[in-house]
Amino acid sequence: MDRDAGRWHERVVRDAVLAGNHAAWRAWYDEHFDRLSGYVSWRCGGLPDLTEDALQETCLPAVRRLRTFDPAKGSFFAWLCGIAANAASNTVRGRRRRNRRSRPLNTVPEPAANGSDADAAERVAVALAALPEHYEAVLRAKYLDRRTVDEIAADRGETPKAVESLLSRARQAFREAYDANGG
């Protein structure tokens, strides 16, 4: 579907949903849910509980703010990802605050394999949440969406060399954010 046809389709569906067509909303949301879930999981370091919380925190604001969605400014999926990015960041920060304030009831540490995997996943989520949006977006395109540098460059209207440079800076920023949360 070309860009103009996609915008037209999303405008028609948005208008149907705003007119109260619940089936249109369900079909539209379901069409994007798997990709959205993958994106949120990536932003949450693959931790299922954080992913589920962030997805729930995405749905209600999406319904409430649907009138603000403008297909001329971007796709429905990109709009959902914007809401989901905020929800994921809030969910990750909330968990970090709770973990800092709570003390375990027992002093027996978790087995090293489980604890280290969960800790690493949480550090990934925190690092992604700390990145500027353009760094997160280019890393997402490369590693989650598995786009080539040339494809990313075409989408962004930049040269492949500029995207390679941006990816390099984004990876460095991610490493620094990841290491800063290492304890």
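**View A. Tyrosine 39 in helix α2 of the predicted model.** Tyrosine 39 belongs to helix α2. Its relative accessible area is 2%, so tyrosine 39 is buried. Leaving aside neighbours within four places in sequence, tyrosine 39 contacts Cys81, Ala84, Ala85, Glu136, Arg140 and Leu144. One of these partners, glutamate 136, is 97 residues apart from tyrosine 39 in sequence. In space the C-alpha to C-alpha distance of this pair is 11 Å.

**View B. The largest nonpolar core.** This core has 30 residues. The residues with the most contacts inside it are Trp25, Trp28, Leu36, Val40, Leu66, Phe76 and Trp79. At least two core residues come from each of α1 (3–18), α2 (22–43), α3 (48–64), α4 (76–101) and α5 (112–130). Helix α4 supplies the largest share, 10 residues.

**View C. Surroundings of phenylalanine 76.** Phenylalanine 76 is among the residues with the most contacts inside the largest core. Not counting residues up to four places away in sequence, phenylalanine 76 touches Glu10, Trp25, Trp28, His32, Leu66 and Phe69.

**View E. Arginine 95 in helix α4.** Arginine 95 has a relative accessible area of 16%; buried means under 20%, so this residue is buried.

Notes. Residues numbered from 1 in each chain as written. Predicted model: local features only at pLDDT ≥ 70, side-chain atom pairs only at ≥ 80, totals over all residues. Heavy atoms only, no water. Core = buried A, V, L, I, M, F, W, Y, C linked by side-chain atoms within 4.5 Å. Buried < 20%, exposed > 50% of the residue type's maximum accessible area, 1.4 Å probe, protein only. Helix = DSSP H or I, 4+ residues; strand = E, 2+ residues; numbered from the N terminus. Contact = heavy atoms within 4.5 Å.
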